[in-house]
Each structure stands twice: as C-alpha cells, then as structure tokens.
Amino acid sequence: MKSELFYKKPKTILNKGTGFLSGYTHSLNPYTGCSFGCSYCYVRQMPVSLFREGEWGNWVDVKIGAAAILAKELQRAKAKGKVTIFMSSSTDPYQPIEQKEKVTRSLLQVIVDDPPDFLLVQTRSPLVSRDIDLLQHLKDRVRVSITLETDSETIRKHFTPEAPPIQARFKALQKLADAGIPTQVAIAPVLPSGEYFPDKLKPFVNRICIDDYFMGDGSGGKRTKKLEMEKKYAELGLEEWYGPQAYKKVYKRFLGIFSKNQIYVSQSGFEP
C-alpha cells in the first residue's frame with residue numbers, strides 16, 4: 001500500500017505526556033499518520049484520523065524541520081526539570097518513509113547531543129537497527145520496545161498485512177542484543193500465537209510487555225470495539241483470543257520461560 005505524503009512544518013514537536021503516557025513528561029512523533037495502517041490501531045478512532053480525509057494508513061505527514069524545533073524545546077524542557085520521552089505514541093517512527101526522510105534519525109541526533117533522562121523508542125520496524133550507532137550513545141537512558149504481537153506470519157498477514165515480517169523483527173532484536181541496546185518486546189496487542197513464542201524470544205530479551213485492547217487502547221476497549229475487531233478473529237475461528245482474559249494465556253506461557261519480574265502488563269511495561 002502506497003501512502004500519500006504531505007510535508008508540513010509543525011509549530012511544536014514535544015507534547016505533554018497524558019493518559020496512558022502519564023509516566024512520561026513528553027511524547028514525540030516524527031510523523032503524523034502511519035503507512036503500516038494496522039487493522040487494530042487505536043489511533044484510527046482518534047481525532048487525528050477521524051477528522052482527516054483518507055483512510056488511516058493511506059497518508060503520512062512528514063514533519064519538516066523537526067530536529068531544529070526539538071533542539072529548542074528539549075533545552076527549554078530540561079531547564080524546568082526531569083525529561084522523559086516516549087517516541088512514538090501515534091505513529092511508527094520507523095515506518096518505510098523514514099528510510100528516505102530520516103526525520104527520526106535527525107531527532108535522535110538532537111537527543112544524543114542533549115540527552116533527556118530517559119527515551120523509549122516504540123516501533124514494529126527492523127529499520128530501528130540502522131540507528132544502533134546513535135542509540136549506543138544513550139546507554140541506559142534508552143529502551144527500544146519492538147512490537148511482536150505474534151510469532152505467526154499467517155496471523156500477522158491477517159491483522160497487519162503492511163507491517164514488517166516477523167522474521168525481520170527477530171533479526172532486528174538480534175542486532176540490538178549484540179549491540180547491548182536495552183530492549184524489550186511488546187506483545188501489544190496480544191494476537192493469537194504459538195506455545196513456543198516465549199522460547200523464541202528468550203535469546204534476545206529479558207523484558208516482556210504484554211498488553212491488549214481492553215487495557216491499552218486508552219478507552220477500556222471502546223475504540224477497538226468500534227473497529228469491529230471481533231470479526232477479524234471470527235474470520236479465523238479464533239474468537240477465544242478476543243476478550244479481556246485472552247492475555248492471561250500468553251502471560252502464563254511466558255511465565256514458564258521468563259521470571260515474573262521480567263514480565264510487565266500493559267501501562268507498567270511502557271513506563272520509564
């Protein structure tokens with residue numbers, strides 16, 4: 001799917017951390033819109049999508065001059081106290097256009113020059129491994145959170161056909177692990193997965209975050225209900241995987257391979 005690109009100069013780039021991200025002082029989004037266009041994405045039900053022409057996933061705003069704006073705002077924010085940043089809350093910072101535009105990389109360069117207290121980089125893209133050289137400078141002030149909702153390509157293609165393949169994400173995890181970058185896997189939202197999913201992740205990470213629609217969409221599952229996600233599960237005959245108790249099956253499996261203090265649930269797993 002090809003997304004239509006728009007180039008816009010934002011007035012501001014750091015936003016106050018609120019709601020699900022209230023553990024952070026700020027959120028940071030290099031782009032508006034996301035070409036991965038995942039079927040379950042809660043942003044589909046937010047104003048940024050609802051009041052915009054075109055289907056979510058079909059358009060992306062590239063933020064021009066984002067690095068210069070961040071440099072000024074970061075300096076001001078740090079003068080007021082502790083700064084913790086979540087990148088990104090409503091887009092993927094490493095969606096395909098980043099390969100060419102490098103907005104995210106330009107923001108990371110600013111952050112390396114003037115580090116906040118903590119930065120979380122949330123992505124489902126293996127492109128994040130391109131920036132290992134910058135991420136290494138941040139040492140324990142950074143955590144890369146890679147979304148892996150399932151270990152099944154069949155499930156991935158059904159729910160998120162435009163998202164990167166599972167195997168490519170595993171390779172990125174390997175590169176991050178080899179480089180010593182603090183990394184977690186976000187099974188968020190929980191999608192149907194296999195019994196040996198935890199075993200596959202064990203070599204790469206020691207921190208797992210498990211989340212679902214009902215805890216993590218910012219509205220107790222109401223936004224997801226409007227997206228009629230239950231139908232997507234019914235199409236595969238996997239209705240038992242949709243519901244507020246489904247995550248417990250995955251949690252129990254991971255508890256057999258990871259220790260309890262390595263597994264976080266919902267909001268706690270994304271906090272600094």
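**View 1. Strand 8 and strand 9 run side by side.** Strand 8 (residues 142–147) pairs with strand 9 in the parallel sense, over 4 bridges. Valine 144 has threonine 183 of strand 9 as its bridge partner. Strand 9 also pairs with strand 10 (residues 208–210), again in the parallel sense, over 3 bridges. There, valine 185 stands opposite isoleucine 208. Strands (E, at least two residues) and helices (H or I, at least four) are DSSP runs numbered from the N terminus; two strands pair if DSSP finds at least two bridges between them. The model is predicted: local features need pLDDT of at least 70, side-chain atom pairs count only at pLDDT 80 or more, and totals for chains, interfaces and linings use all residues. Residues are numbered from 1 along each chain as its sequence is written, and side-chain values use heavy atoms, with hydrogens and water left out.

**View 2. Strand 9 is enclosed.** Because 5 of the 5 residues of strand 9 are buried, the strand is largely enclosed by the rest of the structure. Buried means under 20% relative accessible area (1.4 Å probe, protein chains only). Thr183, Val185 and Ile187 point one way, Gln184 and Ala186 the other.

**View 3. Glutamine 184 in strand 9.** Glutamine 184 sits in strand 9 (residues 183–187). Its relative accessibility is 0%, so it counts as buried. Its side chain reaches the backbone oxygen of glycine 269 at 3.2 Å. Beyond neighbours within four places in sequence, glutamine 184 is in contact (heavy atoms within 4.5 Å) with residues including Arg143, Ser145, Val205, Arg207 and Phe270.

View 4. Strand 4 pairs with strand 5 (residues 59–63) in the antiparallel sense, over 2 bridges. Threonine 32 stands opposite aspartate 61 of strand 5.

**View 5. Helix 4 and its buried residues.** Helix 4 (residues 103–113) has 8 of its 11 residues buried, so it is largely enclosed by the rest of the structure. Among the buried residues are Val103, Arg105, Leu107, Leu108 and Ile111.

How values were computed. Buried means under 20% relative accessible area, exposed over 50%, partly exposed in between (1.4 Å probe, protein chains only). A polar contact is a pair of N or O atoms within 3.5 Å; within protein, one must be able to donate a hydrogen and the other to accept it, and residues adjacent in sequence count only if both atoms are side-chain atoms.
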